[in-house]
Amino acid sequence: EKQAVDKAEAVVMRKVRGLINRMTESNLEGIVEELAVMYRNEGRSYVSTSLSSEMITSSTEGPRASERFAITAAAAIASLAALTESSEVIATFLSMLGRQLEASLAAKDTLACSNLVRVLGCLYLSKAIKPDLVFDVLHAWTDAAGAFTDEHVVSIAGLLTVAGLALRKADPARMKDFVVDIHDKASRMTGEQLTARARVMLDLVVDVKNNRMKDRKGMLAI
């Protein structure tokens with residue numbers, strides 16, 4: 001029986017991988033519809049797990065680990081959850097995303113961190129997750145022992161670049177609290193402990209609070 005289950009799961013994994021390898025912005029709608037059919041007919045858990053694993057791997061490493069793919073991946077996850085009316089899709093993906101982000105932070109992999117937080121930010125913009133969750137993530141990073149290491153700085157800056165203004169609009173009070181909190185922690189550090197990246201990130205945080213992101217060059221536009 002276990003062999004039959006493993007075989008069925010492997011078949012789903014191959015099908016999902018094939019769809020993700022073909023997925024682009026132009027065929028996203030058709031790919032999501034195929035995934036929805038699989039989700040209904042071939043095992044919800046298999047499809048959720050396989051899709052989450054493939055999306056996170058592609059976002060973390062390889063030629064597709066890019067800003068463009070992060071947007072597409074988030075759109076696919078959010079669309080599938082809406083089309084199937086299932087919270088399991090989002091829950092499974094967020095669980096895997098969280099574990100991979102922790103691993104990437106521990107491995108000091110700034111590229112992986114940057115790509116993964118783009119996916120998280122785009123998921124929020126797609127209304128797949130609530131602002132409370134994103135604020136909780138930001139506060140967890142500022143409370144961490146390595147809050148001002150390059151990996152945490154890149155992650156905080158990346159998330160705010162993608163979703164900062166939307167978060168500010170959704171909950172100005174919590175955004176203000178976050179700004180006060182992170183600058184309070186920064187004020188307790190010596191100049192040598194704050195890297196150039198950390199100083200840029202602190203400026204970015206203030207610009208988000210003051211709604212000045214439109215003045216910044218090269219920010220992600222969605």
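1. Glu34 counts as partly exposed, at 40% relative accessibility (buried means under 20% relative accessible area, exposed over 50%, partly exposed in between, with a 1.4 Å probe and protein chains only). Glu34 forms a salt bridge with Arg22, with the closest N and O atoms 3.7 Å apart (a salt bridge is a side-chain nitrogen of Lys or Arg within 4 Å of a carboxyl oxygen of Asp or Glu). Glu34 lies in helix α2 (residues 28–41) and Arg22 in helix α1 (residues 2–22), twelve residues apart; helices are DSSP runs (H or I, at least four residues), numbered from the N terminus. Arg22 is also partly exposed, with a relative accessible area of 44%.

2. The model is predicted: local features need pLDDT of at least 70, and side-chain atom pairs count only at pLDDT 80 or more, whereas totals for chains, interfaces and linings use all residues. Residues are numbered from 1 along each chain as its sequence is written, and side-chain values use heavy atoms, with hydrogens and water left out.

3. Arg174 forms a salt bridge with Asp136, the closest N and O atoms being 3.3 Å apart. Arg174 lies in helix α9 (residues 172–187) and Asp136 in helix α7 (residues 131–143), so the pair ties together parts 38 residues apart in sequence. Asp132, Asp136 and Arg174 are linked in a network of salt bridges.

4. Arg188 forms a salt bridge with Asp184, where the closest N and O atoms are 2.4 Å apart. Arg188 is exposed, at 62% relative accessible area, while Asp184 is partly exposed at 33%. The count comes to twelve salt bridges.

Notes: Helix = DSSP H or I, 4+ residues; strand = E, 2+ residues; numbered from the N terminus.
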